[in-house]
Amino acid sequence: MHLLLKQPSVLPGFGLTLGFALFYFSLIVLIPLSGLFVRTSTLSWEQFWDIVTNPRAMASYQLTFGASLVGALVNGIFGSIIAWVLVRYRFSGRSLVDALVDLPFALPTAVAGITLTAIYAPNGWIGRYLEPLGIKVAFTPLGVLIALTFIGLPFVVRTVQPVLQDLDKEVEEAATMLGANRWQTFRAVIVPELWPALLTGIAMAFARAVGEYGSVIFIAGNMPLKSEITPLLIMTKLEQYDYSGATALGVVMLLVSFVLALAINLLQWWSSTRHMQQ
Amino acid sequence: MNSVTIIADKDVQWKESLTTESTLVRRLLISAAFLYLTLFLFIPLVAIFTEALKHGLSGYIDSFLNEDALAAIRLTLLVAAVAVPLNAVFGVAAAWAIAKFEFVGKQALITLIDMPLAVSPVISGLIYVLLFGAQGWLGPWLAEHDIKIIFALPGILLATIFVTVPFVARELIPLMQSQGREEEEAAITLGASGWQMFVRVTLPNIKWSLLYGVILCNARAMGEFGAVSVVSGHIRGLTNTMPLHVEILYNEYNAVSAFAVASLLTLLAIVTLSAKTLIERKTASATRLKSQR
């Protein structure tokens with residue numbers, strides 16, 4: 001372990017703590033995850049390609065990625081508004097709202113799933129008012145969108161909020177003094193500052209939504225080719241003991257997650273270097 | 001004197017008016033925020049408890065007082081009692097090595113630790129089925145020796161530990177990095193043993209973040225659904241955790257009981273959020289004190 005050290009230190013415990021951390025993490029995470037790739041390599045390329053481009057799989061990607069993207073964009077808009085309102089305005093109940101924004105993180109996904117279904121079902125709290133208008137939410141792709149929007153809610157708020165807090169008001173004052181109206185100041189001064197954080201938040205909400213399972217399956221209706229998300233398709237294949245099918249789709253999802261995680265890291269790096277330049 | 005304060009007040013007001021929106025815009029934005037939060041947070045929160053109490057308090061309590069529900073609660077507590085301490089030890093160890101030493105591959109390790117959060121819960125379960133399941137690599141050997149991992153407690157534990165690995169570490173790493181190593185170096189130079197240094201210097205410095213990480217880890221461990229659902233097999237009274245019990249009840253059209261069990265998990269989420277708010281205030285005032293000193 002000590003060979004890895006770049007500079008000597010008087011502090012104890014390096015070998016012990018790093019050794020334990022690496023051992024534990026490899027055992028729990030790295031070895032099992034790499035097993036997924038090893039398992040895929042037992043499939044021929046044609047077999048793999050057939051599984052991952054099968055019409056049912058393609059329809060599930062379309063729904064999963066489409067609904068995740070729309071949900072993340074909706075959260076981009078409303079998340080920015082919520083962050084703005086929380087940072088800039090004082091109103092009663094503000095600290096309660098601030099604490100509650102994280103509810104979708106803390107609430108188990110199964111609870112979110114059955115609750116959203118109960119609300120948006122045709123006889124539900126909100127669903128009964130949408131039904132006469134001809135809008136069906138539960139058990140349709142729209143239900144998937146609702147669930148994925150719910151679980152992505154905190155991300156944009158929590159990435160935009162700290163940037164807004166650190167924003168120097170003097171720059172805005174200067175803009176106003178130079179004759180800009182509020183909207184111009186917002187577009188030319190505030191938005192460029194928020195942009196990296198906003199994109200990071202949207203990307204995080206999207207990444208979370210793509211893999212989401214628990215909150216979606218209750219409200220989705222789970223009709224193959226129509227309202228079936230990819231994680232559910234993996235689950236179905238597993239239940240039918242179609243391990244190769246589940247593995248191939250799992251690898252696709254895992255690669256997407258890696259690419260998204262990389263993109264988020266780059267976005268975070270971009271926004272932190274922007275901050276350092278100032 | 002008075003006129004000076006009045007002018008100063010006016011100055012503040014005038015400056016404020018430069019960087020704020022008209023009342024109309026402000027009200028519109030606050031209303032938009034509240035509308036969105038009402039649809040996605042307030043109504044669901046109220047709905048959980050209303051649905052759970054639909055058949056009155058006795059119906060609510062009956063939902064817990066049966067063998068299956070109690071077994072699910074016991075299993076969930078057991079899973080958290082194993083997963084949370086293990087991941088807390090991992091979190092402290094990893095954060096110590098990462099924050100206090102410079103070593104090769106450090107940045108890669110920091111990125112890797114967050115990986116379980118990026119992976120779909122279904123895949124977190126799938127990887128263990130591929131290892132230990134009937135058709136998995138170790139499946140035949142395990143069957144020969146009559147060891148059950150998938151569709152049994154060990155599988156549930158593994159899947160839960162997997163999805164909750166990063167929580168303590170990701171709270172501690174940035175904090176311990178910002179604290180530097182001077183205090184610990186002083187303790188060691190003055191003759192403290194490694195353990196004394198940890199208990200008297202490091203632990204007091206990180207206790208609130210450690211507690212916060214443990215609370216988050218616990219909330220996720222008790223609430224995990226997707227990963228556990230893959231490895232559990234849904235055997236009533238044996239491998240059903242609380243979230244899985246909610247699913248079974250709901251699919252049996254026993255909505256009241258499903259929401260009753262769900263309301264317990266919701267209370268856990270509310271406690272978690274309150275603890276988060278409290279700890280954030282505590283650490284904010286602690287850093288203020290430190291900077292004043």
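The side chains of Lys276(B) and Asp102(A) meet in a salt bridge, with 2.7 Å from N to O. The term stands for a side-chain nitrogen of Lys or Arg within 4 Å of a carboxyl oxygen of Asp or Glu. Across the interface of chain A and chain B, the rule finds 1 salt bridge.

This is a predicted model, in which local features need pLDDT of at least 70 and side-chain atom pairs count only at pLDDT 80 or more, while totals for chains, interfaces and linings use all residues. Residues are numbered from 1 along each chain as its sequence is written, chains are lettered from A in the order in which they are written, and side-chain values use heavy atoms, leaving out hydrogens and water.

How much does each chain bring to the contact (heavy atoms within 4.5 Å)? Here is the tally.

| Chain | Residues in the contact |
|---|---|
| chain A | 90 residues |
| chain B | 94 residues |

The area buried between the two chains is about 8,200 Å², and carbon and sulfur atoms give 80% of it. Buried area is the accessible area (1.4 Å probe) that two parts lose on being put together, summed over both. Leu11(A), Tyr24(A) and Trp125(A) supply 8% of the area that chain A buries against chain B, more than any other three residues.

Now for a spot in chain A: Thr185(A) sits in helix α10 (residues 182-211), helices being DSSP runs (H or I) of at least four residues, numbered from the N terminus. Thr185(A) is buried, its relative accessible area being 0%, where buried means under 20% (1.4 Å probe, protein chains only). Leaving aside neighbours within four places in sequence, its contacts include Glu172(A) and Ile190(A).

Definitions and conventions:
Contact means heavy atoms within 4.5 Å. Helices (H or I, at least four residues) and strands (E, at least two) are DSSP runs, numbered from the N terminus. Buried means under 20% relative accessible area, exposed over 50%, partly exposed in between (1.4 Å probe, protein chains only).
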